[in-house]
Amino acid sequence: MNEKILSKKKNGMAALLVTIALYFVAILGAIFGGILMNENRSGVLIFVVSMIWICIGWIPLLGLKVIGPQEALVLTLFGKYVGTLKEGGFYFVNPFCVSVNPAAKTKLSQSGDVKVAPKMQVNANETSAVEVVSKKISLKIMTLNNSRQKINDCLGNPVEIGIAVIWRVVDTAKAVFDVDNYKEYLSLQCDSALRNIVRNYPYDVAPNVDTTGDGMADEGSLRGSSEIVAERIREEIQSKVAAAGLEIIEARITYLAYAPEIAAVMLQRQQASAIIDARKMIVDGAVGMVEMALERLNENNVVTLDDERKAAMVSNLLVVLCGNHDAQPIVNSGSIY
């Protein structure tokens, strides 16, 4: 369905003034026709025509449409698509045209919906609020915060992830007629695209993992490559919702964490990995300090050490440098032999 924009219908004010003027003429015609109807037949005709207009003259008022900035109204006439009012203004269209918006009552976790304040209807015994649903389609940039999903990454670890999608309607005809409900359609496609992309990445960098599909291992991950992952999610969603006349401007990861059932285990794993890396750094530094100490002793001829004394010295230095507690010095006044 191709969008047809009605841009030459901005004559609502003229139609309103003409309708009001015809009502005044009809009221005057009814008065004078009633006076003259006993004298001649023309008075009867004037009275009848005036009363008919007074009874049905409100019908043209149904064709008055007010469109605000960044709003659109899709019109159909007896089931046939007529066009879309897309620019702000005061319009007059066929009074029998009906505005269509199948997603008017759909409220997702998003901003930017066209909202109308509830109208209060007062009865004799109770007061109730009746919500007036607007058929206007918002053309503003909106943000969809989809609910968090639990998805297995490429290593099989369950992770919870949430995204925010910034989108807008660019083709009202496709949004209304090509899909049943474009808001629900967008939400479902966001869930599907998120699963398709996330399952290609590990949570953290893992060896021998191909995240791009080129057959070569890389260092992509959900935590470290969030910008790349978000762009791939945006492209995936855009390819699905283009048929609904929607444009995906941006997609961002708003929440990322391990699932609760493995979060504690993964935390221990991260702590163990950090401890191993720290110990490795400490050992490398201690070995370098021992080598430097032995070289300085030999260069300055401070003391001559045989292999056994060097082994004992190296052992003591490594214990002191790699230990978790402060060393307690012991003065040896004897000999190791």
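How many helices and strands does the protein chain have? The chain has seven helices and twelve strands; helices (H or I, at least four residues) and strands (E, at least two) are DSSP runs, numbered from the N terminus. This is a predicted model, in which local features need pLDDT of at least 70 and side-chain atom pairs count only at pLDDT 80 or more, while totals for chains, interfaces and linings use all residues. Residues are numbered from 1 along each chain as its sequence is written, and side-chain values use heavy atoms, with hydrogens and water left out.

**View 1. The largest nonpolar core.** A nonpolar core is a set of buried Ala, Val, Leu, Ile, Met, Phe, Trp, Tyr and Cys residues joined through side-chain atoms within 4.5 Å. Buried means under 20% relative accessible area, exposed over 50%, and partly exposed in between (1.4 Å probe, protein chains only). The largest core has 38 residues, and Trp167, Tyr182 and Leu246 are among those with the most contacts inside it. Strand S11 (158–169), helix H4 (182–198) and helix H5 (226–241) are among the elements that each supply at least two residues of this core. Its largest share, seven residues, comes from H4. A second, separate core of eight residues includes Leu73, Leu85, Val93 and Cys97.

**View 2. The surroundings of Leu246.** Contact means heavy atoms within 4.5 Å. Not counting residues up to four places away in sequence, Leu246 touches Trp167, Arg168, Val169, Val170, Tyr182, Leu186, Gln238 and Val241.

View 3. Arg252 is found in strand S12 (residues 246–258). Is this residue buried or partly exposed? Arg252 counts as partly exposed because its relative accessible area is 35%. Beyond its neighbours within four places in sequence, Arg252 is in contact with Gly162, Ile163, Ala164, Glu227 and Ala230. The C-alpha atoms of Arg252 and Ala230 are separated by 5.5 Å, although the two residues are 22 residues apart along the chain. A salt bridge is a side-chain nitrogen of Lys or Arg within 4 Å of a carboxyl oxygen of Asp or Glu. Arg252 forms one with Glu227, the closest N and O atoms being 2.5 Å apart. Arg252 lies in strand S12 and Glu227 in helix H5, so this pair ties together parts that are 25 residues apart in sequence. Glu227, Glu250 and Arg252 are linked in a network of salt bridges.

**View 4. Glu87 and Lys10.** Side chains of opposite charge can pair when their charged atoms come close. Here the side chains of Glu87 and Lys10 meet in a salt bridge (3.3 Å, N to O). The pair links distant parts of the chain, 77 residues apart: Glu87 is in the loop between strand S3 (80–85) and strand S4 (89–92), and Lys10 is in the segment before H1. Glu87 counts as partly exposed because its relative accessibility is 41%. For Lys10, also partly exposed, the value is 42%.

View 5. Glu231 forms a salt bridge with Arg234, with the closest N and O atoms 3.2 Å apart. Both residues lie in helix H5, three residues apart, about one turn of the helix. Glu231 is partly exposed, at 36% relative accessibility.
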